Amino acid sequence: MGKGDRKTRRGKTYRGSYGNSRAHDAQPAVVGAKATVTKPAAAKKAAPKKKSA
């Protein structure tokens, strides 16, 4: 289990690939950055009931 093993972290770094044993974040964390907060979707109001004749 060394550089040639694709299933280990050392093997992943040697080959330059990413996977379960070497997770990869798309964007590195920035010090002092604010976390993005998503607002919940606004609930739609029910349409008024039609008057029956």
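Asn20 is located in the segment after helix 1. The model is predicted, so local features need pLDDT of at least 70 and side-chain atom pairs count only at pLDDT 80 or more, while totals for chains, interfaces and linings use all residues. Residues are numbered from 1 along each chain as its sequence is written, and side-chain values use heavy atoms, with hydrogens and water left out.

**View 1. Asn20 in the segment after helix 1.** Helices are DSSP runs of H or I with at least four residues, strands are runs of E with at least two, and both are numbered from the N terminus. Asn20 counts as exposed because its relative accessibility is 84%; exposed means over 50% relative accessible area, buried under 20%, and partly exposed in between, with a 1.4 Å probe and protein chains only. Asn20 and Arg9 are 11 residues apart along the chain, and their C-alpha atoms are separated by 8.9 Å.

**View 2. Thr8 in the segment before helix 1 (9–15).** Thr8 counts as buried because its relative accessibility is 16%. Not counting residues up to four places away in sequence, Thr8 touches Met1, Gly2 and Ser21; contact means heavy atoms within 4.5 Å.

**View 3. Lys12 in helix 1.** Lys12 is buried yet has no salt bridge, a salt bridge being a side-chain nitrogen of Lys or Arg within 4 Å of a carboxyl oxygen of Asp or Glu. The nearest side chain of opposite charge is that of Asp5, 8.5 Å away; Lys and Arg count as positive and Asp and Glu as negative, whereas His and the chain ends are not counted. With neighbours within four places in sequence left aside, Lys12 is in contact with Asp5, Arg6, Ser17, Tyr18, Gly19, Ser21 and Arg22.

**View 4. Tyr14 in helix 1.** Tyr14 is exposed because its relative accessible area is 54%. Tyr14 and Gly4 are 10 residues apart in sequence, and their C-alpha atoms are 7.8 Å apart in space.

**View 5. The whole chain, for context.** The chain has one helix and zero strands. Of its 53 residues, 8% are buried. The chain exposes about 5,900 Å², of which carbon and sulfur atoms supply 54%; accessible areas come from the Shrake-Rupley method with a 1.4 Å probe, and for residues only the protein chains shown count as cover.
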